[in-house]
Amino acid sequence: MKYPVLFLFCLLAWRTAAVPLPVIFDTDMDSDVDDVAALAQLHVMADRGEVELLAVMVSGRNEWSAPCIDAINTFYGRPDLPIGLISGDRGIRQHSNYARQVAEAFPQDFRAKHEQIESAVLYRRLLAARPERSVVIVSVGDMTNLAALLDSKPDAHSPFDGGALVAAKVAHYVCMGSRYPAETDPGNGKWGNFRTDPVSTREVVERWPTMLTFTGGGAFADSMAIGREIAKLDPKVWPVSLAYRSYFGESKVGSVRHTADSIAVLVAVRGFAPWFKVVDRGSNHIDEIGRNAWREEPDVPNQRYTSELNNPGDARKVAALLELLAMTPPKSGLPAGQK
Ligand SMILES: [Ca+2]
Ligand SMILES: [Ca+2]
């Protein structure tokens, strides 16, 4: 991919916010590989002063997801970033074509050194310590942990129950899930984030008390696919390259993959302008197997979605930006002796 010089300049000159946005990233980090690019992009945005990354939560039951996350965090110079494990009894285990490979190939100490803590408890501890309406949550996996958070009871961290704690401390929740305006697949497939744990999905969508932005997948995210350039990086140096190569190698999907999770990160940190079209009238309805439909009535003021570009011709530009972010070296430097 060739980037025009002016475009590169615009990317790198992106205005840095005065105060980094405090972000908690909630990911399945198992079946699909776009979670890896999304986490890499958050780290790069943290290096640039746009984001303060507070924690990463794991929403699935694959035992390699957390060690893989720790390996990526370590690569970006944040080896002790807290990682929360799946909360409660719900949720599923999905296979991963990359999580174990990354966890075993790169330095990480998740099982040896990290606190083994459920996400709902970690959310409570982190939210209780932050200012009012300050934290941004981005979920790019199952909604299991967020349902457990809403259901949580007062504890040593906060006298509030989960719903009240979220209402007090969360400014904005950006949720990558499903397709818009509706997902109508009649099958029972466990895909798209809403179908993996539909009970939790319904609970979170019905009860979330602060601004909730949904971002779509499907053709929208396919139009901004990345991975071809990432996979050219040395997989012995770059976890993101090993992840994409492992994913492409075994799944035979091809040399690019959609950016559903990256789009959610971009919207959460940099907002909708200039690319993303917003629909704010209406509300999201989830059926018993986790299919969704956006309805104009009732209009729920704190729900909105984006699943379309203002100008579809910008898809290549957005993809180039996302791929470049995922390929930006850590501020802490590449591992010693490697380029
Ligand atoms: Ca670690
Ligand atoms: Ca995901």
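## Close-up views of a predicted model

**View 1. A cis proline in a loop.** Pro 181 sits in the loop that runs between strand 6 (170-176) and helix 9 (198-207). Keep in mind, as you look at this and the other views, that the model is predicted. Which residue is joined to Pro 181 by a cis peptide bond? The partner is Tyr 180, and omega of this bond is about 10°.

**View 2. Asn 193, in the loop between strand 6 and helix 9.** Find Asn 193 and look at its backbone: phi is near 80°, a positive value in a residue that is not glycine. Is Asn 193 buried or exposed? Asn 193 counts as buried because 26 C-beta neighbours lie inside 10 Å, and the cut-off for buried is 20 or more.

**View 3. Helix 7 meeting helix 9.** Helix 7 covers residues 144-151, and its axis comes within 8 Å of the axis of helix 9. The two axes cross at roughly 55°, so helix 7 and helix 9 are oblique to each other. Their crossing is left-handed. Which residues meet here? From helix 7 come Thr 144, Leu 146, Ala 147 and Leu 150, and from helix 9 come Ser 200, Glu 203, Val 204 and Arg 207. Sorted by class, this contact has four nonpolar, two polar and two charged residues.

**View 4. Another cis proline, Pro 274.** Here the peptide bond from Ala 273 to Pro 274 is cis, and omega is near 0°. To find your way, look for the loop between helix 12 (260-270) and strand 8 (283-286), where Pro 274 is located.

**View 5. Met 29, a buried loop residue.** Met 29 belongs to the loop between strand 1 (21-27) and helix 2 (34-47). Its phi is near 40°, which is positive although Met 29 is not a glycine. Why is Met 29 called buried? Met 29 is buried because 35 other C-beta atoms lie within 10 Å, and 20 or more are needed.

**View 6. Arg 304 and its contacts.** Arg 304 is part of strand 10 (residues 303-306). Setting aside neighbours within four places in sequence, Arg 304 is in contact with Thr 213, Val 278, Val 279 and Asp 280. Because 19 other C-beta atoms lie within 10 Å, Arg 304 is partly exposed. How many residues separate Arg 304 and Lys 236 in sequence? They are 68 residues apart in sequence and 41 Å apart in space, from C-alpha to C-alpha.

Key
Residues numbered from 1 in each chain as written. Chains lettered and ligands numbered in written order. Predicted model: local features only at pLDDT ≥ 70, side-chain atom pairs only at ≥ 80, totals over all residues. Helix = DSSP H or I, 4+ residues; strand = E, 2+ residues; numbered from the N terminus. Buried ≥ 20, exposed ≤ 12 C-beta atoms within 10 Å, placed from the backbone. Contact = placed C-beta atoms within 7 Å. Axes fitted to C-alpha atoms, helices over the stretch in contact; angles between N-to-C directions. Parallel < 35°, antiparallel > 145°, perpendicular 65-115°, else oblique. Left-handed = near helix turned anticlockwise from the far one by under 90°. Nonpolar A, V, L, I, M, F, W, Y, C, P; charged D, E, K, R; others polar.
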